[in-house]
Amino acid sequence: MTGDFSLRAVNIHKSYGTRPVLRGVDFTLRPGEIMGVIGENGAGKTTLLRVLAGELKADRGEVLQRDRLGYCPQRIVVNDELTVEQHLRYFQCAYQLDDLGRAYELLERLDLAKYRNRKAGVLSGGTRQKLNLTIALMHDPGVVLMDEPYQGFDWENYLNFWAITNELRDRGQSVLVISHIAHDVERFDRIHRLRAGRVVDEDAPERITT
Amino acid sequence: MTSWSELRSELRAFRTSLDDRTTWQACLLKAVFFEISQHARNRLALALVVFFIPMWLGLVKGIIPSNPVDFHSAVTDGVLRVPANELATISGAINAVTLIIGFMMFAAVRRSSDFDTRLVLAGYSRACLLTAKLVALVVISVAVASYAGVVMTLFWDPRLPWWLGFSLFMSGLTYGGMGIVLGLVLSTELAGMFVIIMISLVDVMIQNPVINPTSNQDVVRFLPTYGAMQTGAAAGFTDQGSLGYASIALLWLVGFACVGVAAFYLRTKDHAQHAPVPETRGSTPAVVVVATRADGSLEVRSMSGPVVVCSHLAPCETKCEVPAPRAKPRAPRRSRGATAAASPASHTAVPTHTAVATHTAASGATAAEAAARS
């Protein structure tokens, strides 16, 4: 199975103790598409994304990627003692960015700019999630992995999120979104369902645009 | 002489100059600044430093009688006969400094554990982050030990106060290192706090002759603050400082640092394969399914991107196989309005990697041959 891809999972296996969670996950994320992975609670969606992001080691199989990765974990991973601006400066070093132009643009679009000098610990859940998302996207990655990225967003920011995601796709970047069952399936170019530790194709949805 | 406000503005200007620099040194300075900022915002720890140390030392000095006790000093290689309450303030100060610094480092490392992992996975240097934590530990130890040393001089007059402060500093380094390790390996804050408190209590109590009159057993030498206690007692009651005994704390710090580096590396290890995959565009065969419809037309379905279908017989004069349609390039990022305007057009271009030429013959056999050739 060769071809054009941004990220490819090959026969991924992962168990927690004796409980297998992933039993041979195979799929390909192509350039310029939004792919959804859906599944019931406990199906292993978050485990799969953590393996793809390199956070967890798979027991077997490999993950190949061709571009820089942006990872937005389900659990908000920020430092409560640092301000929003300090988070951006920290990750500017990590991503080796010349400037924070893209980060500031995201702050504006997600209505986060007014909190730049606030500590993350005093922000609301939805606002912290915006910071979580900004950190994942501020280096304009070629491949974006997002786990329930709009949790806590109000409707306007939810639409902003999809507008940003569509723009990424339109510029040839690849986006993989973990989502709940029947949640936003019509917004994906392709959908995979995680079932019994494997991914299976879902019927292609009718796309909607925002 | 530079005024305080001028110094602050110079510091601010220096920080601003670092903002867009991403060299290793700039990243280290930023990390040090952020680490110290985090500690400075730990209000519980600051309250403990400001209030607990004087209260604790005052209680010890006031409650414990001033009867003379024998302290087995390795520095003087003899027995020092010293007031129990004054010796107890040294034990108490070491106890307070180690608890507070151990707690501060543990809390900071524990709370930023996932964040540090995310930073490293994003590309931040592990060495940079660990060095920043070490620098922050030294800064905190200097501040807390200095404060505790000054407070102690309010209750009695040590013979060598600077050496006494130095022993407190070294004990702080030891427990700070322990706090870093516990922050990396323990899963809950309660467990870490409990371990630090218990170790510090046992460590200090066993060495105190008020509690343990036979505190010259060999096992005492292996306690984390043995060197600091020996240096502190000698500095308090004699004119002898001992760099050698004080430096025992550094051995503990190095030991903790080794464990900490290993734990940090394991915790932040990137398991993804970042090695660039060889570009296969143009040389990899496409995967297509060719089927004949009932009306005789041919259906070509690509399993990995669109294909170019050529109706010419080979050799193809139009040479449509070469070059293959290029994959959609990453468009430059534009402002919000411009991107929105461009998006419908750009989405129609779909990447491919191989041009597949086939005949539009109605024959299924011909189609299969074409598919096989591709």
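Two strands count as paired here if DSSP finds at least two bridges between them. Helices (H or I, at least four residues) and strands (E, at least two) are themselves DSSP runs, numbered from the N terminus. With that in hand, A:L7 stands opposite A:Q65 in β4(A).

A word on the ground rules. This is a predicted model, where local features need pLDDT of at least 70 and side-chain atom pairs count only at pLDDT 80 or more, while totals for chains, interfaces and linings use all residues. Residues are numbered from 1 along each chain as its sequence is written, chains are lettered from A and ligands numbered from 1 in the order in which they are written, and side-chain values use heavy atoms, with hydrogens and water left out.

The A:L7 pair belongs to β1 (residues 7-16) and β4 of chain A, which run antiparallel and share 5 bridges. On to the β2 side: β1(A) and β2(A) are antiparallel too, joined by 8 bridges, and A:R8 has A:T28 as its bridge partner in β2(A). The hairpin of these two strands has 2 residues between them, and A:G17 takes a positive phi near 65 degrees there.

Put together, that's an open, antiparallel sheet of 3 strands in the order β2-β1-β4 of chain A. At its edges sit β2 (19-29) and β4 (60-65) of chain A, each pairing on one side only. Neighbouring strands in this sheet are turned by 20 degrees against each other on average, direction ignored. Helix α1 (residues 45-53) of chain A packs on the sheet and touches β1, β2 and β4 of chain A, its direction making about 60 degrees with that of β2(A). For such angles, axes are lines fitted to C-alpha atoms, for helices over the stretch in contact, and the values run from 0 to 180 degrees between N-to-C directions.

## The six-stranded sheet of chain A

Another open sheet has 6 strands, ordered β5-β6-β7-β3-β8-β9 in chain A, with mixed pairing. Strands β5 and β9 (198-201) of chain A are at the edges with a single partner strand each, so one side of each has no neighbour in the sheet. Here as well, neighbouring strands are turned by 20 degrees against each other on average, direction ignored.

Strand β3(A) lies between two partners in that order. The table gives its pairings along with that of β5(A).

| Strand pair | Sense | Bridges | One bridge pair |
|---|---|---|---|
| β3(A) and β8(A) (190-195) | parallel | 4 bridges | A:I38 and A:R193 |
| β5(A) and β6(A) | parallel | 4 bridges | A:Y71 and A:L145 |

How many of the residues of β3 (residues 34-38) of chain A are buried? The count is 5 of 5, where buried means under 20% relative accessible area, exposed over 50%, and partly exposed in between (1.4 Å probe, protein chains only). In a regular strand the side chains alternate between the two faces of the sheet. In β3(A), the buried residues are A:I34, A:G36 and A:I38 on one side and A:M35 and A:V37 on the other, which covers both faces.

## Helix α4 of chain A

Helix α4 (residues 125-137) of chain A has 13 residues and reaches 19 Å from first C-alpha to last, close to the 18 Å expected at 1.5 Å a residue (the expected span is 1.5 Å times one less than the number of residues). It's mostly covered, with 12 of its 13 residues buried; A:R128, A:K130 and A:L133 are among them. What do the buried residues of α4(A) pack against? In chain A they pack against β5 (69-72), α2 (84-95), α3 (101-109), β6 (143-147) and α5 (155-170), and in chain B against α5 (113-122). Contact means heavy atoms within 4.5 Å.

## Over to chain B

Chain B has 13 helices and 4 strands, and 44% of its 374 residues count as buried. Among its contacts between residues at least 6 apart in sequence, 72% join residues at least 24 apart. The accessible surface of chain B comes to about 18700 Å², with 65% of that belonging to carbon and sulfur atoms; such areas come from the Shrake-Rupley method with a 1.4 Å probe, and for residues only the protein chains shown count as cover.

Last, the cysteines. Searching the whole structure turns up 0 disulfides over all chains, a disulfide being a pair of cysteine sulfur atoms within 2.5 Å. B:C128 is in no disulfide, and the nearest cysteine sulfur, that of B:C27, is 5.5 Å away. B:C27 is buried at a relative accessible area of 6%, and B:C128 is buried at 1%.
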